[in-house]
Amino acid sequence: MTKSILLDSERIKTDQSDDSIFYSSPRFVHHLDDNFRNRLTSLYTSNINHNSVVLDLMSSWVSHLPNKITYSRVIGHGMNLEELKSNKSLDSYWVQNLNNNQILPLDDRSIDVGLIVAGWQYLQYPEKVAQELRRVIKVNGKLIISFSNRAFWNKAPMIWSQNDYKGHISYIKNILSSSYFNDYQVIIENNNVKKLFGILETPADPFYSIIAK
């Protein structure tokens with residue numbers, strides 16, 4: 001039986017309508033800035049081996065994987081079929097609302113590396129999702145969860161919307177620990193980017209990532 005970590009009140013979202021309605025239309029836009037996306041690709045380059053089987057959970061029309069590395073297979077999951085069809089990194093994909101059904105249609109120990117980018121903040125039953133990821137990821141495999149300070153806040157449960165990044169990191173580690181993930185590497189980066197012909201600097205999207213085994 002999955003151990004409950006969150007209170008019922010922490011799972012509540014401002015928008016309680018079915019998520020499939022919100023994601024029914026494709027969004028072919030980048031939700032995170034260039035700095036974040038480039039850093040994410042760099043992180044994947046150094047943490048995912050050639051010929052790995054990769055699961056991109058809660059994906060969209062891009063996966064941010066480096067083009068120069070060949071993977072055995074990249075499996076994508078998301079909420080919008082048109083976005084997944086347009087994702088050139090994916091070898092296969094499926095649509096599933098993880099807030100309604102957390103069981104992943106994947107074999108035990110079939111994944112080398114699992115990825116979640118800007119998606120964990122929408123999970124209402126993260127304990128069950130973490131348990132499923134523990135089931136499908138191979139022994140000594142990795143789970144990489146990355147996020148910034150952006151979200152569709154009306155679709156984020158209270159556990160996320162009412163916390164800062166330190167609370168987010170602690171929350172994710174708590175959930176993962178309950179499913180026996182360990183050996184965490186936490187990355188926290190806040191950078192500025194040059195704009196207006198390199199004269200002015202403005203804050204880039206902060207980069208947060210948790211790598212667990």
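Rings of Phe, Tyr and Trp (for Trp, the six-membered ring) are taken as a pair if their centres lie within 6.5 Å, and planes under 30 degrees apart count as stacked, over 60 as edge-to-face and the rest as tilted. The structure is a predicted model, in which local features need pLDDT of at least 70 and side-chain atom pairs count only at pLDDT 80 or more, while totals for chains, interfaces and linings use all residues. Residues are numbered from 1 along each chain as its sequence is written, and side-chain values use heavy atoms, with hydrogens and water left out.

**Figure 1. Aromatic rings around Trp 120 and Tyr 171.**
A pair of aromatic rings is described by the distance of the centres and the angle of the planes. The whole structure holds ten aromatic pairs. In one of these, the ring centres of Trp 120 and Tyr 171 are 6.3 Å apart and the planes stand at 65 degrees, so the pair is edge-to-face. Trp 120 belongs to the loop between strand 4 and helix 4 and Tyr 171 to helix 6, so the pair ties together parts that are 51 residues apart in sequence. Helices (H or I, at least four residues) and strands (E, at least two) are DSSP runs, numbered from the N terminus. Both Trp 120 and Tyr 171 are buried, a term that means under 20% relative accessible area, with exposed over 50% and partly exposed in between (1.4 Å probe, protein chains only). One aromatic cluster is formed by Trp 120, Phe 147, Trp 160, Tyr 165, Tyr 171 and Tyr 208.

**Figure 2. The nonpolar cores.**
A nonpolar core is a set of buried Ala, Val, Leu, Ile, Met, Phe, Trp, Tyr and Cys residues joined through side-chain atoms within 4.5 Å. The largest one has 37 residues, and those with the most contacts inside it are Leu 55, Leu 57, Leu 104, Trp 120, Leu 133, Ile 172 and Leu 176. At least two residues of this core come from each of strand 1 (53–57), strand 4, helix 4, strand 5, helix 5, helix 6 (165–178) and strand 9. Helix 6 gives the largest share, five residues. Leu 176 is in contact (heavy atoms within 4.5 Å) with Trp 120, Ala 130, Leu 143, Ile 145, Phe 181, Tyr 184 and Ala 212, leaving aside neighbours within four places in sequence. A second, separate core of 20 residues includes Leu 43, Tyr 44, Ile 48 and Leu 90.

**Figure 3. Strand 9 and its pairing partners, strands 5 and 6.**
In a regular strand the side chains alternate between the two faces of the sheet. Both faces of strand 9 are covered, with Phe 207, Ser 209 and Ile 211 buried on one side and Tyr 208, Ile 210 and Ala 212 buried on the other. Six of the six residues of this strand (residues 207–212) are buried, so strand 9 is largely enclosed by the rest of the structure. Two strands pair if DSSP finds at least two bridges between them. Strand 5 (residues 137–147) runs antiparallel to strand 9 and is joined to it by five bridges; strand 6 (residues 185–189) is likewise antiparallel to strand 9, with five bridges. Ile 210 stands opposite Ile 145 and is also the bridge partner of Val 186.

A salt bridge is a side-chain nitrogen of Lys or Arg within 4 Å of a carboxyl oxygen of Asp or Glu. Twelve are found in the whole structure. Lys 13, Asp 15, Asp 19 and Lys 155 are linked in a network of salt bridges. Asp 108 is in the loop between strand 3 (92–95) and strand 4 (111–117), and Arg 135 is in helix 4 (residues 126–136), 27 residues apart.

**Figure 4. The surroundings of Pro 206.**
Pro 206 sits in the loop between strand 8 (200–203) and strand 9 and is buried, with a relative accessible area of 7%. Residues up to four places away in sequence not counted, Pro 206 touches Phe 36, Phe 147, Ser 148, Asn 149, Glu 189 and Asn 190.
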